[in-house]
Amino acid sequence: MIEVIRTNSQNQDFVSLVKRLDGELAERDKEEHAFYDKFNNIDVIQHVVVLYENQKPLGCGAIKEFDNSTMEVKRMYTIPENRGKGLATKILTELETWALEMSYEGCVLETGKRQPEAIKLYVKNGYMQIPNYGQYTGIDNSVCFKKTLGV
């Protein structure tokens with residue numbers, strides 16, 4: 001049975017999944033990983049989703065306020081052996097629903113060109129590429145997206 005729970009960054013399953021995510025990203029991004037890592041602190045994230053199947057954590061994601069009308073999607077991850085089953089879409093949908101419930105109008109996110117499966121996920125779920133924002137401006141490996149919620 002699949003269950004998606006809302007929690008925060010203190011959830012130990014989330015912490016474990018993020019460690020796996022960081023390990024995978026370090027391999028993909030090599031020397032650039034340190035740059036990205038400094039923007040991915042999870043200590044203060046209050047809006048976290050963990051997906052379980054038969055009580056085993058298989059994936060996660062989080063949102064944090066970007067501005068007063070937008071949340072930023074962070075720390076999306078599905079363990080490799082469970083990819084391609086629609087689990088990331090379930091996580092993303094729950095994050096978007098949560099953002100809407102808190103009266104946010106949209107979500108933004110950044111991913112890397114070295115994560116083509118992530119880019120495919122976001123495009124499939126209605127995200128449109130936008131110019132790189134904030135700390136990602138001018139970073140060649142970064143790709144930024146935005147989605148207006150509730151339309």
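Val 48 stands opposite Ala 62 in strand β3. The model is predicted, so local features need pLDDT of at least 70 and side-chain atom pairs count only at pLDDT 80 or more, while totals for chains, interfaces and linings use all residues. Residues are numbered from 1 along each chain as its sequence is written, and side-chain values use heavy atoms, with hydrogens and water left out.

Strand β2 (residues 47-53) and strand β3 (residues 56-67) run antiparallel and are joined by seven bridges. Strands (E, at least two residues) and helices (H or I, at least four) are DSSP runs, numbered from the N terminus. Two strands pair if DSSP finds at least two bridges between them.

Helix α3 (residues 87-101) lies across β1, β2, β3, β4 (70-78), β5 (106-112) and β7 (142-148). This helix runs at about 155° to β4. Helix α4 (residues 116-124) packs on the sheet and touches β4, β5 and β7. The direction of α4 makes about 160° with that of β5. Contact means heavy atoms within 4.5 Å. Axes are lines fitted to C-alpha atoms, for helices over the stretch in contact, and angles run from 0 to 180 degrees between N-to-C directions.

The open sheet has seven strands in the order β1-β2-β3-β4-β5-β7-β6, with mixed pairing. β1 (2-7) and β6 (128-130) stand at the edges. Each has a single partner strand, so one side of each lacks a neighbour in the sheet.

The count of disulfides (pairs of cysteine sulfur atoms within 2.5 Å) is zero. The sulfur of Cys 60 is 16 Å from the closest cysteine sulfur, in Cys 107, which is too far for a bond. Cys 144 is in no disulfide either, as the nearest cysteine sulfur, that of Cys 107, is 14 Å away.
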